Amino acid sequence: MRKFQNTDYVRNKYSKGILYKVSEGYIEVTAEQYLKENPDKTEQDFMELKRISDEIYYKQNQEEAAYAKRKEELKAVEEIEQVSAGMFDLEIIKKMEEEEMKQAVKKLLEMGNLTLIQKRRFYLHFYEGMSYRQIAKLDGVHFTSVQESIEVCVKKLKKIYRY
């Protein structure tokens, strides 16, 4: 997260003019420039625009901070999700050799009990180490869809191996 003193809000608040953010950086419009371009306006009009500009930058700063916080929280949840993705299920999978697991998944697929999507999601999660959210982003679906797909696979594998 960036430091508060480096925000657009602080830059605008403590500048003499109004800052406009552009691709190359910032353009500052001073009271003198504003009054020269707008002869029918007063310095009070400029100060009101400056106040509004500060308010807009402040709201943007608050929204960015809230977004960054949510993003960090989601990242933490995703990390926990990877670790806690059914410890019992992970134990079963670790006990099986990879080839044995592939054969079991192949058997489920041949029996028509496992779709190609379920098989791919299962593989990405347990063998590639991707989280439900990462797979969901890849598939363009909600992470609960991925979670349900993988849980179905694990349940079916449990039936085959009677765990």
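**Note on the predicted model: salt bridges, core and surface**

1. The structure discussed here is a predicted model. The partner of Glu48 is Arg51: the two side chains meet in a salt bridge, with a distance of 2.6 Å from N to O. Glu48 and Arg51 are three residues apart in helix α3, so about one helical turn separates them.

2. Arg51 also takes part in a salt bridge with Glu55, at 3.0 Å from N to O. Here the two residues are four residues apart in helix α3, and again about one helical turn lies between them. Arg51 is partly exposed, at a relative accessible area of 41%. Glu55 is partly exposed as well, at 38%. In general, side chains of opposite charge can pair when their charged atoms come close.

3. A further salt bridge links Arg120 and Asp139, whose side chains meet at 2.3 Å, N to O. Arg120 belongs to helix α6 and Asp139 to helix α7, so this pair ties together parts that are 19 residues apart in sequence. Arg120 has 34% relative accessibility and counts as partly exposed. Asp139, with a relative accessible area of 23%, is partly exposed too.

4. The salt bridges may now be viewed as a group. Those that share partners join Glu48, Arg51, Glu55 and Lys59 into one network. The count of salt bridges in the model comes to six.

5. Helix α3 spans residues 43-83, and Ile56 has its place there. Ile56, Leu49 and Ile52 form a nonpolar patch on the surface. Together, these three residues have about 230 Å² of accessible area. Ile56 itself counts as partly exposed, because its relative accessibility is 46%.

6. How many aromatic pairs does the structure hold? There is one aromatic pair. The rings of Tyr34 and Phe46 have centres 5.6 Å apart and planes at 45°, so the pair is described as tilted. Tyr34 lies in helix α2 (residues 31-37) and Phe46 in helix α3; the pair therefore ties together parts that are 12 residues apart in sequence. Tyr34 and Phe46 are both buried.

7. Which residues touch the most other members of the largest nonpolar core? They are Phe122, Val146 and Ile150, in a core of 15 residues. Helices α5 (98-110), α6, α7 (132-139) and α8 (143-161) each supply at least two residues of this core. The largest share comes from α8, with six residues.

8. Ile150 deserves a separate comment. This residue is found in helix α8. Ile150 is buried, because its relative accessible area is 1% and buried means under 20%. Leaving out residues up to four places away in sequence, Ile150 touches Arg121, Phe122, His125, Phe126, Tyr132 and Ile135. Ile150 and Lys119 are 31 residues apart in sequence, while their C-alpha atoms are 8.2 Å apart in space.

9. Residues up to four places away in sequence being set aside, Arg121 touches Ile135, Asp139, Val141, Ser145, Val146, Ser149 and Ile150. Among them is Asp139, which also meets Arg120 in a salt bridge. Val146 and Ile150, also touched by Arg121, are among the core residues that touch the most other members.

10. In review, two regions may be inspected together in the structure. In helix α3, Arg51 meets Glu48 and also Glu55, and Ile56 of the surface patch lies in this helix.

Note on methods: Residues are numbered from 1 along each chain as its sequence is written. This is a predicted model: local features need pLDDT of at least 70, side-chain atom pairs count only at pLDDT 80 or more; totals for chains, interfaces and linings use all residues. Side-chain values use heavy atoms; hydrogens and water are left out. Contact means heavy atoms within 4.5 Å. A nonpolar core is a set of buried Ala, Val, Leu, Ile, Met, Phe, Trp, Tyr and Cys residues joined through side-chain atoms within 4.5 Å. Buried means under 20% relative accessible area, exposed over 50%, partly exposed in between (1.4 Å probe, protein chains only). Patches are made of residues with over 30% relative accessible area and no salt bridge: like charges are joined within 9 Å, nonpolar side chains (Val, Leu, Ile, Met, Phe, Trp, Tyr) within 5 Å. Accessible areas come from the Shrake-Rupley method with a 1.4 Å probe; for residues, only the protein chains shown count as cover. A salt bridge is a side-chain nitrogen of Lys or Arg within 4 Å of a carboxyl oxygen of Asp or Glu. Rings of Phe, Tyr and Trp (its six-membered ring) pair if their centres lie within 6.5 Å; planes under 30 degrees apart count as stacked, over 60 as edge-to-face and the rest as tilted.
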